[in-house]
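Subject: Structure handover

Dear colleague,

Here is the structure we spoke of handing over. Please look through it first; my notes on what was found follow below.

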Amino acid sequence: MMQFLRPALLLLLLAGPALAQEAAFLTQDQLATVLRARGFTDLEGVEREGDSFRIARATRYGERVENFRIDAATGLPREQPPLTEAQARELLRTRGYTQVTELGRDGDAIRLRGLREGTPIEVTVDARTGAVRQ
């Protein structure tokens, strides 16, 4: 019985301080880095409000977006409209694709065709997350 209790006790001892700490919030510099990785540039009016950041204006894959909120602890959007077809094309261009054209849309899945290092390729972009799948 003790052999099963030792790992549990060790886990509690190690996790205790972490569980007791308050959630760590991103700094504005960290937030800017996270948002750049998600296709946002030209951030304006960034303010922290409780456990969220409010961004007054930004550009996301070439299109202007306004008044959106980001979780201050995780950097994930609180609410965010799905990518448009133009934003999905720009997302691929920023990742090195050329001659990007849209093939169609099925809900949140945007199908695109382009060249990657000279090779034709078709991909699907998830309009909610920006994930690219082949």
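The largest pocket has a volume of about 190 Å³. A pocket here is found on a 1 Å grid over the protein atoms alone, as an open set of points where a 1.4 Å probe fits, with protein on both sides within 12 Å along at least five of seven lines. Grid points are joined across faces, edges and corners, and the volume is the space filled by probe spheres set on the points. The lining of this pocket has 14 residues, and Arg 38, Arg 60, Gln 80, Arg 128 and Thr 129 are the ones that lie nearest its centre; a lining residue has an atom within 4 Å of a point. By type, the lining divides into seven nonpolar, three polar and four charged residues. In that count Ala, Val, Leu, Ile, Met, Phe, Trp, Tyr, Cys and Pro are nonpolar, Asp, Glu, Lys and Arg are charged, and the others, Gly among them, are polar.

Before the rest, some background. This is a predicted model, in which local features need pLDDT of at least 70 and side-chain atom pairs count only at pLDDT 80 or more, while totals for chains, interfaces and linings use all residues. Residues are numbered from 1 along each chain as its sequence is written, and side-chain values use heavy atoms, with hydrogens and water left out.

The protein has three helices and eight strands, in the pattern α-α-β-β-β-β-α-β-β-β-β along the sequence. These are DSSP runs numbered from the N terminus: helices (H or I) of at least four residues, strands (E) of at least two.

Strands E1 (residues 40-49) and E2 (residues 52-60) run antiparallel and are joined by seven bridges; two strands pair if DSSP finds at least two bridges between them. Val 46 is opposite Ile 55 in E2. The hairpin has two residues between its strands, and Gly 50 takes a positive phi near 65° there.

E5 and E6 are joined by seven bridges, and Thr 98 stands opposite Leu 115 in E6.

The largest nonpolar core has 13 residues, and among those with the most contacts inside it are Leu 83, Leu 92 and Tyr 97. Such a core is a set of buried Ala, Val, Leu, Ile, Met, Phe, Trp, Tyr and Cys residues joined through side-chain atoms within 4.5 Å; buried means under 20% relative accessible area, exposed over 50% and partly exposed in between (1.4 Å probe, protein chains only). Helix H3 (85-94) and strands E5 (97-106), E6 (109-116) and E7 (119-126) each give two or more residues to this core. A second, separate core of 11 residues includes Phe 68 and Ile 70. Buried residues make up 30% of the 134 in the protein.

Beyond its neighbours within four places in sequence, Tyr 97 is in contact (heavy atoms within 4.5 Å) with residues including Leu 92, Ile 121 and Val 132. Glu 117 is in the loop between E6 and E7 and is exposed, at 76% relative accessible area. Its phi is positive, near 55°, although Glu 117 is not a glycine. Asn 67, in strand E3 (residues 63-71), is another non-glycine residue with a positive phi, of about 45°.

Regards
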